[in-house]
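I opened the notebook today for a friendly walk through one chain. My notes follow in the order I looked things up.

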Amino acid sequence: MEYRQLPRGDETEKFSVIGIGLGGIGQTPPEEIEAIICKAIDNGINFFDMCTAGATFAPFGRAIAGRRDKVFLQVHFGAVYDENGEYGWCRDFDTIKRTFLWELDTLGTNYVDFGFLHCVDEDDDFDKLSDIGVLDYLKELKSKGVVRHIGFSSHTPSVANRIIDTGLVDMMMFSINPAYDFEKGDEYGIGSVKERFELFQRCAREGIGISVMKPFFAGQLLSAEQSPFGVALTHIQCLQYALDRPGVLVAVPGVQNMAHLDQVIKYLHATDKEKDYSVIGTFTADTITGTCVYCNHCQPCPAGIDIGLVNKYYDLALAGDDIAANHYTKLSVKADACLHCGHCESRCPFSVKQEKRMDDINRYFTKRGK
């Protein structure tokens, strides 16, 4: 296992380049969750993202009992859990505080390594978290050593830069994979390719570590049928791609069962040939005609829709990502605001029929909410 040093951390804060995301593990039997975490640690994995379901915390706590100092926990302030343990997105200070104290108790620890502002995708998100006192609460917890470092998760370069401008954060969680970043004459991902890579370079330059979510594009890159490129990549290629971006310390793929963990662990024994992702250089824009790649070339939308983000949350929801589906419901402007004016379609370099897609997205989430 390779380990990378947190630039603004002490000499003990070195993270395994492969971490584990627990967003989809909540329905797994508790004993299997505990076994997965134990096996991950035994294989040198020491970084865990705790945006998950409530049912994950108790077995996770049992797994790290006696070796809390061997793992690093990334906990999200704004991810909460109802009486059934279901994940929820929250902007209520008392609920966020109560959830964090419950997390500490259930995990059997008196500190977390990272306290994250959760899913700050819009300026309004950051304003709200600041206004209700969450940012001040994180600063207070850091002063007491209960939170070792402040960080945030986001999908939006402009918002990420705004948060970094505060000088308060040491870590950023960001979605990185070829589907979001790849450029062959046009731009991929939320924000332009230039904006995304300048953000990564800024993090590397200023000592902000990056933990990577969605390295497999919710599994779509692993299937030729689902990939926007029409070509399947391997788990190993996707992980190496993410780890090669500037500023990245750790890739955090999600696992739901032991088989998923075993697939991720294969990276540890992969050859240079298996890690080679140069095949992406053969992808062309023609291979993704008709597919939204979240480049936001269509902006600005007269109705104020963040078309790339709406499409992204929809695609992830279709792939089974309930957290992404929940995030869609929190957007200030949703697909139902579409004016059918044709502006986006006239600008789209990939001929996506966004008017129809907005209708499809609206129907999907309307039906899902019933």
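Entry 1: I began with Lys-214, which sits in the loop between strand 11 and helix 9. I kept in mind that this is a predicted model. The phi of Lys-214 comes out near 55°, a positive value in a residue other than glycine. Is Lys-214 buried, exposed or partly exposed? Its relative accessibility is 23%, so I wrote it down as partly exposed.

**Entry 2: a second one.** I then turned to His-340, in the loop between helix 13 and helix 14. Its phi is also positive, near 55°, and again the residue is not a glycine. His-340 has a relative accessible area of 39%, which means it counts as partly exposed.

Entry 3: What is the strand order of the open sheet? I read 8 strands in the order 3-4-5-8-9-10-11-12, with parallel pairing. Strand 3 (20-21) and strand 12 (248-251) stand at the edges; each has a single partner strand, so one side of each lacks a neighbour in the sheet.

**Entry 4: strand 9.** I followed strand 9 (147-154) next. On one pairing, strand 8 (residues 112-117) joins strand 9 in the parallel sense over 5 bridges. Val-112 has Val-147 of strand 9 as its bridge partner. On another, 4 bridges connect strand 9 with strand 10, and these two run parallel as well. Phe-152 stands opposite Met-172 in strand 10. How many of the 8 residues of strand 9 are buried? I get 7, so strand 9 is largely enclosed by the rest of the structure.

**Entry 5: helices on the sheet.** Helix 6 lies across strand 9 and strand 10, and it runs at about 155° to strand 9. Helix 9 also packs on the sheet, where it touches strand 11 (209-213) and strand 12. The direction of helix 9 makes about 155° with that of strand 12. Of the 9 residues of helix 9 (residues 235-243), 8 are buried, so this helix is largely enclosed by the rest of the structure. Among them are Ile-236, Cys-238, Leu-239 and Tyr-241.

**Entry 6: a helix pair.** Helix 4 (residues 123-131) and helix 6 (residues 157-164) have axes 9 Å apart and pack at an angle of about 30°. Angles under 35 degrees count as roughly parallel, so I call helix 4 roughly parallel to helix 6. Asp-123, Phe-126 and Asp-127 of helix 4 make the contact with Val-159, Arg-162 and Ile-163 of helix 6. I sorted these residues into 3 nonpolar, no polar and 3 charged.

Entry 7: I checked the peptide bond from Gln-299 to Pro-300 and found it cis, with omega near 5°. Pro-300 lies in the loop between helix 11 (272-275) and helix 12. Helix 12 (residues 307-318) reaches 17 Å from its first C-alpha to its last, close to the 16 Å expected. I count 11 of its 12 residues as buried. The elements that cover these buried residues include strand 10 (171-175), helix 13 (322-329) and helix 15 (354-369). After helix 12 comes Gly-320, with a positive phi near 100°.

Technical notes:
Residues numbered from 1 in each chain as written. Predicted model: local features only at pLDDT ≥ 70, side-chain atom pairs only at ≥ 80, totals over all residues. Heavy atoms only, no water. Buried < 20%, exposed > 50% of the residue type's maximum accessible area, 1.4 Å probe, protein only. Axes fitted to C-alpha atoms, helices over the stretch in contact; angles between N-to-C directions. Parallel < 35°, antiparallel > 145°, perpendicular 65-115°, else oblique. Contact = heavy atoms within 4.5 Å. Nonpolar A, V, L, I, M, F, W, Y, C, P; charged D, E, K, R; others polar. Expected span 1.5 Å × (residues − 1). Pairing = 2+ DSSP bridges.
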